[in-house]
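Colleague: I am new to this structure. Could you show me how to read its features, one by one?

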Amino acid sequence: MLAGGRPGGGAGQRSPGTAAAGSASGSGSAGPSGRPSASAEATGPPAKGAVTVTGEVAKGLESPWGVAPLPGGDLLVASRDKGTISRVAAGSGTVTRIGEVPGVASGGEGGLMGLALSPSFASDRLVYVYFTTESDNRIARLRYDEQRPAGQQLGAPDTVFRGIPKGLVHNGGRIAFGPDKMLYAGTGETGDTGLAQDKKSLGGKILRMTPDGDPVHGNPEADSVVYSYGHRNVQGLAWDKDKRLWAAEFGQNTWDELNLIEPGANYGWPEAEGKAGKPGMRDPVAVWKTDEASPSGIAWAEGSIWMAGLRGNRLWRIPLAGTAPVAAPEAFLEREYGRLRTVVALGGDRLLLVTSETDGRGSPKAGDDRILTLTVR
């Protein structure tokens with residue numbers, strides 16, 4: 001891997017920011033797997049962490065968004081604005097386009113966003129994508145055939161779910177397969193705030209479905225893929241070691257949020273933003289001023305949630321003992337690499353971090369956008 005990054009990049013420990021932390025209101029209840037949540041008294045990681053940038057996997061990427069590690073160490077990367085998927089070779093950093101997703105309508109915050117491999121990828125070679133079309137946001141799967149010529153290695157899209165509201169802003173976009181091998185998707189309310197509280201709408205929700213796009217047995221409502229509601233714009237999904245689901249989302253003018261997700265729970269938007277303490281609505285586990293975060297991707301590693309900040313230009317660490325923070329969130333790499341979009345856990349103390357300076361809102365420098373490797377504690 002190539003060492004490097006922006007001038008001044010590298011190890012980046014920072015003092016804790018001003019983010020507020022507190023106990024999750026759902027502490028002690030069952031998580032998505034049905035297993036009981038750990039108590040807040042459980043031993044957690046150290047209050048102070050550390051981040052070291054150990055390499056640069058790729059550079060010169062345009063509007064990278066979703067990333068999926070392949071068996072063997074290479075990566076698939078989605079370009080939001082180009083609507084293409086490329087393969088990044090481990091070690092050399094060579095970027096090769098494998099194909100284009102037809103029907104992508106990029107614009108504003110829409111385009112080709114989330115990317116996930118089928119739980120049976122080794123045998124079915126299916127790549128799942130979340131993308132914006134002229135009429136909606138939808139999820140499709142495409143077969144990846146490495147024997148076909150470069151640039152033509154993706155088969156025709158098979159749409160597994162459609163009809164998610166689209167807008168110039170707040171399209172959500174993150175997809176991930178959970179420990180239960182079901183597909184989860186974070187959506188946005190497209191700027192129409194009323195959608196978030198409307199259980200019949202797919203906007204402002206976290207969705208849970210089978211790999212074929214059907215509602216899952218055990219969802220809050222048997223005939224619905226809606227798993228939680230009252231969200232403004234979910235772009236971060238991750239599970240901890242005890243299979244609890246966490247989500248990060250954009251606030252409006254005051255508070256960005258990290259939430260512990262419980263099936264059927266209401267996360268408050270637009271009636272509540274941040275720690276409002278309203279009956280029947282779940283308060284976030286941690287909150288940030290919007291200029292410190294504007295969170296996108298999250299990952300769990302070494303006992304902490306790691307959260308990428310777009311407007312905040314930094315990587316946040318939220319150390320957890322069970323469902324409660326053991327200390328205030330801690331900021332790293334502040335303004336060293338610009339806007340940060342996606343975090344991917346590679347196992348142990350290793351993370352991938354994707355920058356987002358070429359998304360129309362950054363100030364790209366030579367070499368942007370990049371994928372970096374980190375070691376964390």
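Colleague: Does Glu302 count as buried, partly exposed or exposed?

Modeller: Buried means under 20% relative accessible area, exposed over 50%, partly exposed in between (1.4 Å probe, protein chains only). Glu302 counts as partly exposed because its relative accessibility is 38%. A word on the source: this is a predicted model, where local features need pLDDT of at least 70, side-chain atom pairs count only at pLDDT 80 or more, and totals for chains, interfaces and linings use all residues. Residues are numbered from 1 along each chain as its sequence is written, and side-chain values use heavy atoms, with hydrogens and water left out.

Colleague: Where does Glu302 lie?

Modeller: Elements come first. Helices (H or I, at least four residues) and strands (E, at least two) are DSSP runs, numbered from the N terminus. Glu302 sits in the loop between β20 and β21 (304-309). Its phi is positive, about 55 degrees, although Glu302 is not a glycine.

Colleague: What is the phi of Lys181, and where does that residue lie?

Modeller: Phi of Lys181 is near 65 degrees, again a positive value in a residue other than glycine. Lys181 belongs to the loop between β12 and β13. Lys181 counts as exposed, because its relative accessibility is 52%.

Colleague: How are β12 and β13 placed in their sheet?

Modeller: Two strands pair if DSSP finds at least two bridges between them. Here an open sheet of four strands runs β12-β13-β14-β15, with antiparallel pairing. Its edge strands are β12 and β15 (226-229), each pairing on one side only. On average, neighbouring strands of this sheet are turned by 20 degrees against each other, direction ignored. For such angles, axes are lines fitted to C-alpha atoms, for helices over the stretch in contact, and angles run from 0 to 180 degrees between N-to-C directions.

Colleague: How many bridges join β13 and β14?

Modeller: Strand β13 (residues 183-186) and strand β14 (residues 205-209) share four bridges, in the antiparallel sense. Gly186 has Ile206 in β14 as its bridge partner.

Colleague: Which residues does Gly99 touch beyond its sequence neighbours?

Modeller: Contact means heavy atoms within 4.5 Å. Leaving aside residues up to four places away in sequence, Gly99 touches Thr84, Ile85, Gly151 and Leu154. Gly99 is part of strand β7 (residues 95-100). It counts as buried because its relative accessibility is 2%. Gly99 and Gln152 are 53 residues apart in sequence, yet 5.2 Å apart in space, C-alpha to C-alpha.

Colleague: Which peptide bonds are cis?

Modeller: Look at omega. The bond from Trp269 to Pro270 is cis, with omega near 0 degrees. Pro270 lies in the loop between β18 (255-261) and β19 (286-289). The bond from Asp368 to Asp369 is also cis, with omega near -5 degrees. Asp369 is in the loop between β26 (350-355) and β27 (371-376).

Colleague: What lines the largest pocket?

Modeller: On a 1 Å grid over the protein atoms alone, a pocket is an open set of points where a 1.4 Å probe fits, with protein on both sides within 12 Å along at least five of seven lines; lining residues have an atom within 4 Å of a point. The largest pocket is lined by 26 residues, and Val67, Pro69, Ala176, Phe177 and Val344 lie nearest its centre. Elements that give two or more residues to this lining include β4 (64-69) and β25 (340-347).
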